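Visitor: I'd like to learn how to read a model like this one. Could you walk me through it?

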Amino acid sequence: MNKILIITHTADNFSIEKVTEYIEQNNCEVIRFDVDLYPLKNKLSTVFQDGEWISILETPDSRYRLDDISAIWYRRAYNIGNGLKEEIESKFYGAAMGEIRNTLFGFFEAVDAYSLGKPAVYRRLDSKEEQLKIASKIGLTIPETCLTNNPEEAKKFILKHQNVVAKMQTGFAIYEDGVENVVFTNVVSEDKLEQLDSLLYCPMQFQKMIQKKKELRITIVGRDVYAFEIDSQKYEDAKIDWRKDGINLIDKWDRIELPADVESKLLDLLDVYHVDYGAIDMIVSPEDEYYFIEINAAGEFFWLDNLTEGNLISKSIADVLCDKAPRRNNMVLV
């Protein structure tokens with residue numbers, strides 16, 4: 001029986017269970033590695049001796065051999081080393097966490113099997129600049145863009161385009177008095193130009209604001225394309241960034257068919273990155289022009305999966321992992 005290793009964490013959502021269900025229907029075994037239980041509860045060992053590599057994962061319940069797994073799904077790596085801070089002297093904590101991360105990510109990179117996602121792939125896709133350049137090169141339309149920490153360059157861009165949105169290149173939140181404040185996309189108007197001086201300390205991405213007829217979220221798994229749209233302009237809090245009202249919009253997305261040329265170019269984009277999963281954000285203008293915004297290497301899909309009959313996105317993920325659907329081979333050693 002083929003073994004599929006799923007890398008995630010204990011607080012992940014139910015999409016893990018749905019994918020696991022489909023993997024088991026494909027007569028494959030699932031091994032779940034929750035990274036927040038490493039190293040205090042999970043133990044990972046890799047040994048080379050007598051001409052053979054052997055990797056062992058020990059959880060509180062079981063012991064698994066990992067060197068013969070057939071595929072790995074690198075889903076999430078959140079909260080690594082949970083609880084370690086309270087267990088060791090503070091002077092050792094930083095060094096220990098560095099070793100823990102290097103060991104984990106080194107193992108994930110070195111697994112000699114097909115991998116749906118890898119740390120190195122996620123790091124590469126963190127580059128919004130490369131994403132936009134590749135998208136443009138393969139024929140997708142992108143908004144006019146400025147990435148800078150130079151306040152004067154930002155001001156010139158804003159004055160030229162008038163309607164501009166500002167966004168961070170990474171998703172994060174700012175915690176103040178114990179309250180989480182997520183940083184969303186926001187409009188930058190001319191009366192806020194003086195506030196741009198703080199760019200000197202932290203660069204931002206600015207884009208010409210595209211009027212929205214619809215917003216799209218497109219999840220691609222292998223060659224399967226799941227495109228959904230929402231009329232975000234009907235909801236006041238969602239007009240600039242639909243995520244601000246994401247909970248209220250969770251069941252208001254409609255599945256659509258993309259124009260053939262757009263779908264083909266998006267598949268080309270995954271070919272360039274040599275990945276089998278991508279969650280893509282696009283905007284459709286009132287003139288029906290499709291603008292590529294970004295691709296997320298591990299973007300969430302569960303709320304859209306629930307809008308398909310039988311959680312088809314989860315099924316596609318399981319089929320790719322079990323080698324029952326076309327995939328872009330990325331084994332370390334072929």
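**Reading the model**

Guide: Start with burial: 47% of the 334 residues of the chain count as buried, where buried means under 20% relative accessible area, exposed over 50% and partly exposed in between, with a 1.4 Å probe and protein chains only. This is a predicted model, so local features need pLDDT of at least 70 and side-chain atom pairs count only at pLDDT 80 or more, while totals for chains, interfaces and linings use all residues. Residues are numbered from 1 along each chain as its sequence is written, and side-chain values use heavy atoms, with hydrogens and water left out.

Visitor: How many helices and strands are in the chain?

Guide: Eight helices and 18 strands. Both are DSSP runs numbered from the N terminus: helices are H or I with at least four residues, strands E with at least two.

Visitor: Which residues are buried in helix α4?

Guide: First the general idea: an α-helix has 3.6 residues a turn, so residues three or four places apart point the same way. Now the case here: in α4 (residues 128–137), the buried ones are K128, Q131, L132, I134 and A135. Their arc around the axis is only 165°, which puts them on the same side of α4; that arc is taken from the directions from the helix axis to the C-beta atoms. Exposed K133 and K137 sit on the face turned away from the buried side.

Visitor: What do the buried residues of α4 pack against?

Guide: Their partners are α3 (119–125), β8 (145–148), β13 (204–208), α6 (260–273) and β18 (290–296), a contact being heavy atoms within 4.5 Å. Just after α4, look for G139, with a positive phi of about 105°.

Visitor: How about sheets? In what order do the three strands of the open sheet come?

Guide: Two strands pair if DSSP finds at least two bridges between them. Here the order is β3-β4-β5, with antiparallel pairing. β3 (43–49) and β5 (63–65) are at the edges with a single partner strand each, so one side of each has no neighbour in the sheet. Between β3 and β4 (residues 52–58) there are seven bridges, and F48 stands opposite W53 in β4.

Visitor: Is F105 buried or partly exposed?

Guide: Its relative accessibility is 21%, so F105 counts as partly exposed. You'll find F105 in helix α2 (residues 90–110). Leaving out residues up to four places away in sequence, F105 touches Y74, A77, I80 and P119.
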